[in-house]
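Hi everyone, thanks for making the time.

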Amino acid sequence: MSATVASPRPKPGPPRDYRFPAFERLSLPNGLRVVVAPVTKLPVVTVAVVVDAGAVCEPRGHEGVAQLTARLLLEGTARSDGAELTERFESLGASVDASADWDCSSLTMTALTDNLDPAFAILAEVLRSPAFSAREVDRLKAERLAELLQLRAEPRGLADELFSRFLYDARSRYSLPEAGNEESVQAIGRDAIRAFYEARYVPAGSTVIVAGDVTVERAERVVRAALGDWQGTASSSASTIDSAARSDRAVHLVGKADAQQSEMRIGHVGISRGHPDYFPVVVMNAVLGGLFNSRINLNLREQHGYTYGAFSAYYWRRQAGPFEVSTAVKSEVTDAAAREVVGEIERMRQQPVSDEELSLATSYLDGVFPIRYETTAAIATALVTLVVHGLPDDYFGRYRQSVRAVTADAVLRAAKAHLRPDALQMVVVGDPELKASLAASGLGPVRVYDAQGRPTG
Amino acid sequence: MRIPIITFRLPNGLFVTLSEDHTAPIVAVNLWYHVGSANERLGRTGFAHLFEHMLFQGSADVAANEHFELVQRAGGTLNGSTWLERTNYFETLPSNQLELALWLEANRMGQLLPAMTQQKLDTQIEVVKNERRWSMDNQPYGTWWERLPALCFPPDHPFHHSLIGSMDDLSNSSLDDIAQFFATYYTPDNAVLSVAGDFDRHEAERLIERHFGPIPRGKGKPPLPDMSLPPTLGEWKREVVPDNVMLPRLFLAFRSPAFGESAYYAASVCGAVLGMRKGSRLHRNLVRDRQIAAEVQAFTFDLTKGSDLLVVDITARPGVSAEQLEHEVASEIDHLIRDGVGDDEVRRATALIQTDFMTAMQAAGDRADRLSLFATYFVAPELVNEQADRYNAVTASDVNAFARARLGEDNRASLLFVPKDDAPGQLIGASAAEAAE
């Protein structure tokens, strides 16, 4: 009925060489480090200031202070209140953001090259003289509380939050939300924010990353001019415990009456970013659930039609972040879908992956590498990872050969060592009536909770 | 900044745009079909999007899901998306894999039907129903996607109905529908192919002719009904939706000049003055100063026929009622109409738009997508190089003229989500009082 375009499958041409952008490192006398990656494609520059002020540094009871402190940087300085400060950035077309994650806080800005000098001067002002006005502190706390309130009716966010809570030992910082919960956020006052800032926002241990249309000389000049005389005493390093809440498999059903779908998170405590098995685990996860054509998605979506998508991931932190399978399935197949996921995790440990699966994972990770770094923002983010995790300078240069070196044996060893089907915690945000079918499915003991994570049955 | 653009048309009608950039060994292939949910017939809402799913189920020489497999094995990324007026398919790959993407796209444009089976269709209907549950039905405020166009366009207008479709219509879709839709819309003369990145122009032309050249031209598609609309809604439309949500949220929409008209740029800048980032009016006044709202944004749908929509999306702070939220937003809009915007506000908005545009254009996939957009809608991919000037040309008086004409009470549609009392679908233990304890 239609014309033939029959032709043999195209073979790739010879690959062109690609190198991650070369970068230079500098240190200022005050201990501030600078990393510059000149990229001259378009007249755009991204700056990221990385500060050793992640959520793991927070005092107990003040969980969320890292995020509040970071966000408040942009809400006023000694010179300008929040509205005026915003106006100063935005009239330069500078897009700016500040946030905290588990391991660091970062202040990032993207601007056109022509505006770099004045925009960076404002960024430095933000870093050095935040006002933390009482009014803005109260407002950002209230906005975080509103966000938490919204979460109670939002199945995806709720599943994420409760998964962390059921996964980690209650003493672990990782068991609470990155930006804090109702109780901890309410407990944070202006003094606590000021104290956190004074202790953590110091030049020694901080790094300024500049990626984009700029020379090393210009970047150095701009950074020196604005931050060369920034002073402060180095802060101590911080960490949290990363042990699991329990060692046996269990199902945690969070009741949502009349749910049309079950939002599911299945996983256990994973490994730290610095673990020597990083590359075998990345490849193993790509076979299991990291790609569209990975086992879990082909099974749940394409074979069974249970879901719109199902994926697995290791979340990389300085300490052991979660290994997590995420999906949303129609209610009536919840237990069947959970069994399929457990089955796929078990299968990874039982036999080596096929050559086809291994080569799909490694050739994808190898080939997609340049595509990940097309923008100045992506390059800056990569350099943030390098700095936060203390990766060697040749890490990106060696990435592709590290991926290609992973064998089927290494994948099997990684699966046996780092997948633990008997320790899986399964969080289901869905119809509480599912308790019976889940209990009958042999997945593990089932408890029912409300949206606060309080047991109800 | 101007990017190089070459265009040509194959004898079968396929419109091609090429834009070379050799800074990295990356190439993007991007195909827009000029068909979207607006082209669906009665009783088949959601079909254009379901069809997009079926395009990943193989073709004469490609097995089900092999499209994903081949592109990812080559080190590429890929996807597709459906909108009211178009459907797009795109891959970004290492540049030595250009021919693979062209061959895959040509194979499914030329010979999709041999690979279609009832079983594949049944599975994808289930997948799409799950997508609907995930993105709309089981998500707070999720139904705004279909409620807002329904409120703003008359029932017989092609933009009125749901893009994701109703569960019944999805269930009723058949292989015959697939064959008919394919023959009607998935033809080279109803498509635009853009290639951006690291390739040799002559090589690309040769490969495109080789793979797409033999595909026959279509027989033409049925014309869309008259889509023209009055510039205003003629009244203040209002729909209040009790939903399983914790906080009131308002979508306030205005009919606005169609994408591509010169007045569109004033509307777009007006949206940015109102709701783009923290320096925007609504953020400054209602989030920062008055603390009535928790978050706000404004955006346009970018529709090219009849009327576009400018939308303000704003969520209340706890303790603020839906009525108060709507009243305060309306007061801000009234104030803007009455007193106008300043030059500084326009400068801020255009500066941010320019930076965002430049940032996006770094990626080959974004370049190719913008080229396809301007080629599909206006047969003028070179418009991509004129966007900066168009935005720079917008003055405060243009924005004020737009505001006076289009933001008045005779051109507003309020879609207001409010927390349901005694909501049966509420998360257990999620009442506002308890959550705030």
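Let's start in chain A, where helix 9 (residues 278-290) packs with helix 15 (residues 408-418) at an angle of about 90°, their axes 9 Å apart. Before I go on: this is a predicted model, where local features need pLDDT of at least 70, side-chain atom pairs count only at pLDDT 80 or more, and totals for chains, interfaces and linings use all residues. Residues are numbered from 1 along each chain as its sequence is written, while chains are lettered from A and ligands numbered from 1 in the order in which they are written.

Back to our pair. Axes here are lines fitted to C-alpha atoms, for helices over the stretch in contact, and angles run from 0 to 180 degrees between N-to-C directions. Helices are DSSP runs of H or I with at least four residues, strands are E runs of at least two, and both are numbered from the N terminus. Helix 9 and helix 15 of chain A are therefore roughly perpendicular, a label for angles of 65 to 115 degrees. On the helix 9 side of chain A, the contact uses A:P280, A:V281, A:V283, A:M284 and A:V287; helix 15 of chain A brings A:A410, A:V411, A:R413, A:A414, A:A415 and A:H418. Contact means C-beta atoms, placed from the backbone, within 7 Å. By class, that is 9 nonpolar, 1 polar and 1 charged. Nonpolar covers Ala, Val, Leu, Ile, Met, Phe, Trp, Tyr, Cys and Pro, charged covers Asp, Glu, Lys and Arg, and the others, Gly among them, are polar.

Now the domains, whose bounds come from an automatic or database assignment. Chain A has domain 1 (24-227) and domain 2 (250-371 + 391-449), with C-alpha centres 31 Å apart. Between them, 12 residues of domain 1 of chain A touch 14 residues of domain 2 of chain A. That side of domain 1 has 9 nonpolar, no polar and 3 charged residues.

And chain B? Its assignment gives domain 1 (6-212) and domain 2 (235-420 + 430-435), and the C-alpha centres lie 28 Å apart. Here 31 residues of domain 1 of chain B are in contact with 27 residues of domain 2 of chain B. Strand 3 of chain B gives the most to the domain 1 side, with 6 residues. In classes, the domain 1 side holds 18 nonpolar, 9 polar and 4 charged.

Finally, the two chains together: their contact takes 76 residues from chain A and 78 from chain B. Chain A's side divides into 35 nonpolar, 23 polar and 18 charged.

Conventions
Angles under 35 degrees count as roughly parallel, over 145 as roughly antiparallel, 65 to 115 as roughly perpendicular and the rest as oblique.
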